[in-house]
Amino acid sequence: MPESAAVSDGYFDDAAFIGDSRTEGLMMYAGPQEADYFTLKGLNVETAFDKPAVNIGGTKVSVVNA
């Protein structure tokens, strides 16, 4: 696949990044600032469905429900 043209960080304004501590690192140190991040240290396929991790309106819900 050929390399595409570079895009600005604004390209990711409506993006959602879901992941573990590595994704948290992306958010803190290098990622687009306007994107949404749903992260939890140790997040995996099972915990994404049932572990309360994301604060929505004062209630913690699973990543999938967020």
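Predicted model: local features only at pLDDT ≥ 70, side-chain atom pairs only at ≥ 80, totals over all residues.
Residues are numbered from 1 along each chain as its sequence is written, and side-chain values use heavy atoms, with hydrogens and water left out.

User: How do the planes of Phe17 and Tyr37 lie, stacked or edge-to-face?
Analyst: Rings of Phe, Tyr and Trp (its six-membered ring) pair if their centres lie within 6.5 Å; planes under 30 degrees apart count as stacked, over 60 as edge-to-face and the rest as tilted. The ring centres of Phe17 and Tyr37 are 5.1 Å apart with planes at 15 degrees, so the pair is stacked.

User: Is Tyr37 buried or exposed?
Analyst: Buried means under 20% relative accessible area, exposed over 50%, and partly exposed in between (1.4 Å probe, protein chains only). Phe17 has 23% and is partly exposed. Tyr37 has 16% relative accessibility and therefore counts as buried.

User: Which residue in β2 stands opposite Phe17?
Analyst: Helices (H or I, at least four residues) and strands (E, at least two) are DSSP runs, numbered from the N terminus. Two strands pair if DSSP finds at least two bridges between them; β1 and β2 pair in the parallel sense over four bridges. Opposite Phe17 stands Tyr37.

User: Which residues form one aromatic cluster?
Analyst: Tyr11 and Phe12 form an edge-to-face pair, 5.2 Å centre to centre with 85 degrees between the planes. The one cluster is formed by Tyr11, Phe12, Phe17 and Tyr37.
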